[in-house]
Amino acid sequence: METNRYNKGIEVLQQMVSEERLNATVKQMEKFSPDMARLIVEFPYGSLYSRPGLDLKQRSLLTIAAMLASGAAAQLDFHIEAALNAGLTPNEIVEAVMHCVSYAGFPKALDAMFVVMKVFNEQGIQYEEG
């Protein structure tokens with residue numbers, strides 16, 4: 001394990017998601033596949049999210065769009081929470097999903113919007129368009 005990238009990745013994750021969400025994801029994966037748990041911390045967060053050039057808010061917006069476009073709605077709740085903690089507003093998140101309709105299609109955008117609604121509900125966020 002490359003300790004430096006792992007530690008850097010954990011630091012980034014701790015800025016972006018709750019300890020509960022972090023444990024539910026990384027710690028749960030560690031029990032099943034320690035190598036996969038290490039990879040999901042080291043590569044995206046220790047190597048990419050920690051790079052200069054884009055802040056966490058910008059990276060979160062890109063992640064939401066990429067996950068939506070690829071149809072990866074199952075993990076989108078993690079990244080919606082991270083985006084909120086990185087500073088994206090609920091309106092920015094909804095607008096990002098809506099913007100992707102013409103590029104990724106309605107089914108993927110609707111799947112993503114239902115995830116957004118679920119996370120907002122869990123977080124107690126009252127969203128109003130406008």
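The chain splits into domain 1 (1–51) and domain 2 (54–129), with bounds taken from an automatic or database domain assignment. This is a predicted model: local features need pLDDT of at least 70, side-chain atom pairs count only at pLDDT 80 or more, and totals for chains, interfaces and linings use all residues. Residues are numbered from 1 along each chain as its sequence is written, and side-chain values use heavy atoms, with hydrogens and water left out.

**Domain interface**

- The centres of domain 1 and domain 2, taken over C-alpha atoms, are 21 Å apart.
- Contact (heavy atoms within 4.5 Å) joins 12 residues of domain 1 to 13 residues of domain 2.
- About 1100 Å² is buried between domain 1 and domain 2, and carbon and sulfur atoms give 50% of that area.
- Buried area is the accessible area (1.4 Å probe) that two parts lose on being put together, summed over both.
- On the domain 1 side, Met 16, Arg 21 and Tyr 49 lose the most area to domain 2, together 57% of what that side buries.

**Salt bridges**

- The model has 10 salt bridges, each a side-chain nitrogen of Lys or Arg within 4 Å of a carboxyl oxygen of Asp or Glu.
- Three salt bridges are counted between domain 1 and domain 2.
- Arg 21 pairs with Glu 122, with the closest N and O atoms 3.5 Å apart.
- That pair links distant parts of the chain: Arg 21 sits in helix α2 and Glu 122 in helix α8, 101 residues apart.
- Arg 21 also meets Asp 77 in a side-chain salt bridge (3.1 Å, N to O).

**Largest pocket**

- A pocket is an open set of points on a 1 Å grid over the protein atoms alone, with protein on both sides within 12 Å along at least five of seven lines; a cavity is a set where a 1.4 Å probe fits but cannot get out; lining residues have an atom within 4 Å of a point.
- The largest pocket has a volume of about 510 Å³, where volume is the space filled by probe spheres set on points joined across faces, edges and corners.
- Both domain 1 and domain 2 give residues to the lining, so the largest pocket lies between them.
- Its lining has 20 residues, and Thr 25, Ile 40, Gln 75, Phe 78 and His 79 lie nearest its centre.
- Helices α2 (19–32), α3 (34–49), α4 (56–70) and α5 (76–86) each supply at least two lining residues; helices are DSSP runs (H or I, at least four residues), numbered from the N terminus.
- The lining divides into 12 nonpolar, five polar and three charged residues.
- Nonpolar covers Ala, Val, Leu, Ile, Met, Phe, Trp, Tyr, Cys and Pro; charged covers Asp, Glu, Lys and Arg; the others, Gly among them, are polar.

**Largest cavity**

- There is one cavity of 30 Å³ or more, and the largest cavity has a volume of about 40 Å³.
- Its lining includes Met 67, Leu 68, Lys 108 and Asp 111.
- Helix α8 (106–123) and α4 each supply at least two lining residues, and α8 gives the most, with three.
- The cavity lining divides into six nonpolar, one polar and two charged residues.
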